[in-house]
Amino acid sequence: MKLFDAHCHLQDPRIFDKAPQLIAAAVDSGVVRFAVNGVSEKDWHLVKQISESYPCVIPCFGLHPCRYVVERTPNWLNTLKQFFEATPSAAVGEIGLDKGSQGKKVDFTDQVNVFRQQLEIAKELKRPASIHCVRAFGDLLQIMKSLGPFPAGVILHSYLGSAEMVPEFANLGAYFSFSGFLMSMKVHKAKRMLKMVPSERILLETDAPDALPKSELDSAHLVEGASLPEELQSIEISSAPFAGARDVSTFPKEALNHPENIHKVLIFVASLVEMTKEELAEVTYQNAVRLFSYDTCGGQS
């Protein structure tokens, strides 16, 4: 049984020094690929570094819609383009829109402008884009309609949107990725929404080190002994849908999600869609392989 973690953050400063052990443990458990998403100009080089050390890592570069939009430098877009030119295997992410408690601190017009520019890059490069969306699905759909469709695909990461919007997003090329956050949704709502997702459009992710699965927490894998390298102590990460910018030095380490926990997500989602875990693992693995199998030689047809 092979699994593909469609969205995680192994470069997160809370776990960066543990990345080699986390990858090894996850690989031993059957996780063969990881899409690692950058969130700011400060961590793109770390994503690139991990991908160069581990062929199982697909690097993704993007500017997350929360505080990183405010903190971006005047040259952010050129820097981002340079990372894609230097890293032909890269996808786009994490990008998006956020009207949640943290997103409200960032001018939404500014968020939209930054998001559109990055979505245009994804379309131009014919690469998938991993999208964060909190309480802004109507805005997201409108923007995707104006720029789409997206034959290379977009990933609605940690999707917690409505069942009704699934067909419209799918028609534009969206894939729906599910993490431990799905366990926060009422089961009947989650089942109803999942029934609307075409089987060829479903993905699994951990969003590690966030989105720790809440079911059977006692048996979940946690990141132990994670320390913060001195050179990363100035970076704060807020990649999760409901997470805000935090002082990572005070973050409770025992709550950090391990990429091995994708097995927990697999079991939970499989129970809701009435598939065996083996069947769902195969479907989601093949979907992710198809999504991330783009030309990495720089030649765009």
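What follows is a look at the cysteines and the salt bridges of this predicted model.

Cysteines come up first. A disulfide is a covalent bond between the sulfur atoms of two cysteines. The structure turns out to have zero disulfides. For Cys56, the closest cysteine sulfur belongs to Cys8 and sits 9.4 Å away, which is too far for a bond, given that a disulfide needs the two sulfurs within 2.5 Å. Cys56 is buried, at 14% relative accessible area, and Cys66 is buried too, at 2%.

Charged pairs are another story. Side chains of opposite charge can pair when their charged atoms come close, and here the count of salt bridges comes to eight. One of them joins Arg67 to Glu71, with N and O 2.5 Å apart. Both residues belong to helix H3 (residues 67-71) and are four residues apart, or about one turn of the helix. Arg67 is partly exposed at 24% relative accessibility, and so is Glu71 at 37%.

Other pairs reach across the chain. Asp110 and Arg72 form a salt bridge whose closest N and O atoms are 2.9 Å apart. Asp110 lies in helix H5 (residues 108-125) and Arg72 in the loop between H3 and helix H4 (76-86), so this pair ties together parts that are 38 residues apart in sequence. Asp110 is partly exposed at 22%, as is Arg72 at 24%.

Glu164 and Arg192 also make a salt bridge, at 2.2 Å between the closest N and O atoms. This pair links distant parts of the chain, 28 residues apart: Glu164 is in the loop between strand S6 (154-156) and helix H7 (166-171), while Arg192 is in helix H8 (residues 187-196). Finally, a network of salt bridges links Asp12, Arg14 and Asp210.

Note on methods
Residues are numbered from 1 along each chain as its sequence is written. This is a predicted model: local features need pLDDT of at least 70, side-chain atom pairs count only at pLDDT 80 or more; totals for chains, interfaces and linings use all residues. Side-chain values use heavy atoms; hydrogens and water are left out. Buried means under 20% relative accessible area, exposed over 50%, partly exposed in between (1.4 Å probe, protein chains only). A salt bridge is a side-chain nitrogen of Lys or Arg within 4 Å of a carboxyl oxygen of Asp or Glu. Helices (H or I, at least four residues) and strands (E, at least two) are DSSP runs, numbered from the N terminus.
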